[in-house]
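Me: I have a structure open and want to learn how to read it. Can we go through it feature by feature?

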Amino acid sequence: MLQTLFNGFVTGITMTLPALAVTLLFGVLKFANFAIGAMMTVAAYMAFALNAQLGWPLLPSTIVVAIVCGLLCIAVDVVTFKPLRDRGSITLMVASLGLGFVLENIARLFYGNSARSFAIEIARPFRVMDIRMNKEQMITIVVSTVAMLAMYFLLTRTPVGRAMRAVADNPSLALVRGIESGRIIRWTWFIAGVLLAVGGVLIGMDRAIEPPMGSSYLIAVFAAAIFGGLGSPLGAFLGALAIGIVSEMATLVIPPNYRIGIPLCVIALVLIFRPQGLMGQAHIRR
Amino acid sequence: MSNVLEVQGLHAGYGAGDILKGVELTVAEGSVVTIIGPNGSGKSTLVKTLTGLLRTRQGDIVLKGKSVKDLSPPERVRAGMSYVPQEYNVFRNLTVLENLQIAHEFMSAGRGGKRGKPLSDEMEALFPELPSRYKALAGNLSGGQRQMLAFACALTVKPEVLVMDEPSAGLSPKYMTDIFDCVKRVNEMGVSVLMVEQNAIEALRISHRCIVMANGRVRLASDAAAVLGMRELQSLYLGDVKEAEAPASAAAG
């Protein structure tokens, strides 16, 4: 029981970073970006290239990949989404699905379908209060927590973070308060890219690195962001933890194979009973 | 007196067809100009075009001798045009303090905007209710307080001209008096004001000039006091002062 709770907590905290990326992108750009799974996959492969193929330690590999991935996201936006920006959120969402396919298959083109793993020592699991945990889980918890605190600081204490929240809140008011939306959109993509890269490496560390690794998290990550209230950073964090724990605990009563259905049920229930999510504001359509 | 704002032959609109069909107006330095007119006369479209939220199709907008018609909304803000929208005029999910900080950080571009105090002493005297509510979410303020916050944000950097879209819309009588009082005091600090208003009589009492719009054109530009005295204009656009039940709905333009 406690073990399952702990596993769920780790699963949840692994999803906090991509869920935050989803919610930031949605808040500022107002569309659901389904390419985030493939973006995490590509980032994990890039880290794999530096770590396993060039022999760098994992930490500097991740930092480099995070920055490169942030810049790549800006480039992807310019090439893919910017020309479609006026076409509405459905067009952008479909474009992101297509982008996801392309990115995932680029990874497949280079590395094939077989699973890979980072060149890190496999440490023996240890026990605390009869709960089995391993080093990778500890790293995941520490890295995610630090990243969330950094994001909290960024969003509430820096001009760029405040401006991101302002644009998400009311884009036309942001314009007449002097905020250049283009610059804020680039920042948002960069930050989302960094979050996705770190998330991709964490997932790759926990499981194997393979082409569908990122997209397998897609539904759960979206469930987390929707549950928390799309556009709400704190909601994304709480939503990710909740989805992780609920999915894992559910395996106590249903066969683990059906675990993937839990986030879908959560999405359905949230949309029926509280469409704006846990922390979200009711959306004003104009 | 020179003009701080000149609008010349302005055409703008949505989709096919223009809503503004050659608007001409000026705002003299240090004056308050109120625009009135019936619904659909193009008042809101004019405000959107002035602030850059809507593209200028033809004509020119000249701020302090420089054309701003090709500038983006943020560039116009930094050129000295501040704007208080009618609704959705504060960031509701941000605190009062954060709303003010954003105004400081992004509106100024080196035009003053002292760091440290969110509101200058001058502004604190003007909006005494705000400092006690810095930590509150702007969305939790009352309508009047939101209007005051939007007003304060627009004034964090002293603008050349302050454009206001129906500042008294939806406010209680108390706040309505307050807001017009604020406009008057801000004007006395040297800020020129261009506002669109439905409560024409109260607005004209603090205005120097009045502009009457109809069908996307300026029908009349005159001294505010003169318009207040015009019987036929009153019944047309302002509603009869004494027999308030007369065409009051036509007055709400």
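Me: Which residues does Met148(B) touch, leaving out residues up to four places away in sequence?

Reply: This is a predicted model. In it, Met148(B) touches Phe127(B), Glu129(B) and Leu130(B). Take Phe127(B): it is 21 residues from Met148(B) along the chain, and the C-alpha atoms are separated by 6.6 Å.

Me: Where does Met148(B) sit, in terms of elements?

Reply: Met148(B) belongs to helix H5 of chain B, residues 143–155.

Me: Is Met148(B) buried or exposed?

Reply: Count the C-beta neighbours. A residue is buried if 20 or more other C-beta atoms lie within 10 Å of its own. Met148(B) has 26 such neighbours, so it counts as buried.

Me: How does Glu180(A) come out, buried or partly exposed?

Reply: Use the count again. Glu180(A) has 17 other C-beta atoms within 10 Å, so it is partly exposed. Glu180(A) lies in the loop between helix H7 (171–176) and helix H8 (181–206) of chain A. Ser96(A) is 84 residues from Glu180(A) in sequence, and their C-alpha atoms are 24 Å apart.

Me: How many residues of chain B are in contact with chain A?

Reply: 22 residues of chain B meet 16 residues of chain A. On the chain B side, helix H2 (73–79) and helix H3 (96–107) each give two or more residues. H3(B) gives the most, with 7 residues. By type, the chain B side divides into 14 nonpolar, 4 polar and 4 charged residues.

Me: What about the largest nonpolar core? Which residues have the most contacts inside it?

Reply: Start with the general idea. In soluble globular proteins, nonpolar side chains tend to be buried together. Here the largest nonpolar core has 163 residues, and Ala43(A), Val221(A) and Ala224(A) have the most contacts inside it. H8(A) gives the most to this core, with 16 residues.

Me: Which residues does Ala43(A) touch, again leaving out those up to four places away in sequence?

Reply: Ala43(A) touches Val65(A), Cys69(A), Leu196(A), Ala197(A), Gly200(A) and Val201(A).

How values were computed:
Residues are numbered from 1 along each chain as its sequence is written. Chains are lettered from A and ligands numbered from 1 in the order in which they are written. This is a predicted model: local features need pLDDT of at least 70, side-chain atom pairs count only at pLDDT 80 or more; totals for chains, interfaces and linings use all residues. Two residues are in contact if their C-beta atoms, placed from the backbone, lie within 7 Å. Helices (H or I, at least four residues) and strands (E, at least two) are DSSP runs, numbered from the N terminus. Ala, Val, Leu, Ile, Met, Phe, Trp, Tyr, Cys and Pro count as nonpolar, Asp, Glu, Lys and Arg as charged, and the others, Gly among them, as polar. A residue is buried if 20 or more other C-beta atoms lie within 10 Å of its own, exposed if 12 or fewer, and partly exposed in between; C-beta atoms are placed from the backbone. A nonpolar core is a set of buried Ala, Val, Leu, Ile, Met, Phe, Trp, Tyr and Cys residues joined through C-beta atoms within 7 Å.
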